[in-house]
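User: Can you walk me through this one? I'd like to start with the strands and then get to the ligand.
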Amino acid sequence: MRGPLNVPRSPQGHPVIAQAGASEGGIELAARHGQIIYCNILSRPAGQAFAKNVKDKAIEVGRDPSGIRIVPGLVAIIGETREEALRKHELFSGAGSEDGLLTRFAKENGIDLATFDPDAVLEAERFVPDQNRQWAVGMGLGLSELLTYEKLTARQAVRRTEGHHRLVLGTPEQVADQIIDLWEDGTVDGYTLQPPRAPDDIEEFVEKVVPILQDRGVYPRDYDGRTIRDRYGLPYPD
Ligand SMILES: Cc1cc2nc3c(=O)[nH]c(=O)nc-3n(C[C@H](O)[C@H](O)[C@H](O)COP(=O)(O)O)c2cc1C
């Protein structure tokens with residue numbers, strides 16, 4: 001609405017704007033307004049291409065890209081061993097077994113089970129979502145972008161993604177390694193944790209993975225700043 005607002009200015013200047021969605025229109029919205037960008041990044045090359053796309057478009061519309069944080073969803077499933085994490089993945093997903101994960105994959109992607117070979121290399125083009133489909137285009141792009149840069153079979157792909165987000169499976173150390181991996185070279189600025197079960201998986205992550213991240217010097221031991229803007233290190237608006 002026009003005219004002054006009769007409330008005090010927010011301590012954050014204006015609320016931080018989080019954006020999600022990666023169709024052409026979604027990227028345009030991210031470039032113009034997004035500060036925290038939720039997205040589906042399943043690999044390093046896909047993440048670098050996504051961040052470059054958003055930041056290049058932001059520059060085109062006259063924005064400073066240093067005010068953009070790429071924080072993809074992350075599903076972490078922790079076990080005493082990687083094998084245990086794999087079994088937990090099968091249970092938490094509701095699929096029950098690896099065969100269940102593969103059947104779900106085939107159904108979700110419209111693949112005929114009669115001819116489905118879970119050990120054949122998947123073709124990325126087959127998984128590119130229609131830009132005009134009725135539900136989030138961005139959600140579908142994660143898989144097609146993953147397959148663009150890596151040759152994977154369905155058996156491998158079902159262990160790389162859950163709920164369309166990046167899946168990391170293993171011991172707390174293995175999970176921490178995978179988290180740091182895409183973060184330390186700046187591919188991502190952080191993550192949006194998507195625990196399969198709440199609060200159990202949040203507690204387990206806090207108890208087992210966060211101390212490792214702290215010991216490695218990549219996660220704070222104390223809260224710094226008062227606002228979410230401070231915590232994301234985002235600039236204050238004039
Ligand atoms: C909290 C929240 C998180 C979301 N995360 C994602 C996401 O990571 N990826 C995505 O494609 N859509 C996500 N969405 C959904 C999109 O914002 C929404 O479906 C949008 O219309 C999709 O736009 P698109 O077709 O441009 O991808 C999220 C929505 C909410 C409310």
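**Strands, ligand and backbone**

Analyst: In E6, leucine 167 is the bridge partner of valine 75. Keep in mind that this is a predicted model.

User: How many bridges join strand E4 to strand E6, and how do they run?

Analyst: Five bridges join E4 (residues 73-78) to E6 (residues 165-170). The two strands run parallel.

User: What is the strand order in the open sheet of four strands?

Analyst: The order is E5-E6-E4-E7, with mixed pairing.

User: Which strands stand at the edges there?

Analyst: Strand E5 (161-162) and strand E7 (192-193). Each has a single partner strand, so one side of each is left without a neighbour in the sheet.

User: Which strands does helix H3 touch?

Analyst: H3 (residues 82-92) packs on the sheet and touches E4, E5 and E6. The direction of H3 makes about 135° with that of E6.

User: Now the sheet of three strands. What is the order?

Analyst: E1-E2-E3, an open sheet with parallel pairing. Strand E1 (18-20) and strand E3 (69-70) are the edge strands, and each pairs on one side only.

User: What joins E1 to strand E2?

Analyst: Three bridges, with E1 and E2 (residues 36-38) running parallel.

User: Switching to the ligand. Which residues come nearest?

Analyst: There are 13 residues around the ligand. Ala22, Ser23, Asn40, Gly138 and Met139 come nearest.

User: How do the residues of that shell divide into nonpolar, polar and charged?

Analyst: Seven are nonpolar and six are polar. No charged residue is in the shell.

User: Which helix gives the most to the shell?

Analyst: Helix H5 (residues 137-149), with three residues.

User: What lies close to the oxygen atoms of the ligand? Start with serine 23.

Analyst: An N or O atom in the side chain of serine 23 is 2.4 Å from a ligand oxygen. For glycine 138, a polar backbone atom is 2.7 Å from an oxygen atom of the ligand. For valine 137, a backbone N or O atom lies 2.9 Å from a ligand oxygen.

User: And how much of the ligand does the protein bury?

Analyst: The protein buries 56% of the 620 Å² that the ligand exposes when taken alone.

User: Last topic, the backbone. Where is the cis peptide bond?

Analyst: The cis bond joins alanine 198 and proline 199, with omega about 5°. Proline 199 is in the loop between E7 and helix H8 (200-215).

User: What is phi of histidine 164?

Analyst: Phi of histidine 164 is near 70°, a positive value in a residue other than glycine. Histidine 164 sits in the loop between E5 and E6.

User: Why flag those two?

Analyst: Most residues other than glycine have a negative phi, and most peptide bonds are trans.

Terms used: Residues are numbered from 1 along each chain as its sequence is written. This is a predicted model: local features need pLDDT of at least 70, side-chain atom pairs count only at pLDDT 80 or more; totals for chains, interfaces and linings use all residues. Side-chain values use heavy atoms; hydrogens and water are left out. A residue is near a molecule or strand if one of its heavy atoms lies within 4 Å of it. A polar contact is a pair of N or O atoms within 3.5 Å; within protein, one must be able to donate a hydrogen and the other to accept it, and residues adjacent in sequence count only if both atoms are side-chain atoms. Accessible areas come from the Shrake-Rupley method with a 1.4 Å probe; for residues, only the protein chains shown count as cover. Ala, Val, Leu, Ile, Met, Phe, Trp, Tyr, Cys and Pro count as nonpolar, Asp, Glu, Lys and Arg as charged, and the others, Gly among them, as polar. Two strands pair if DSSP finds at least two bridges between them. Contact means heavy atoms within 4.5 Å. Axes are lines fitted to C-alpha atoms, for helices over the stretch in contact, and angles run from 0 to 180 degrees between N-to-C directions.
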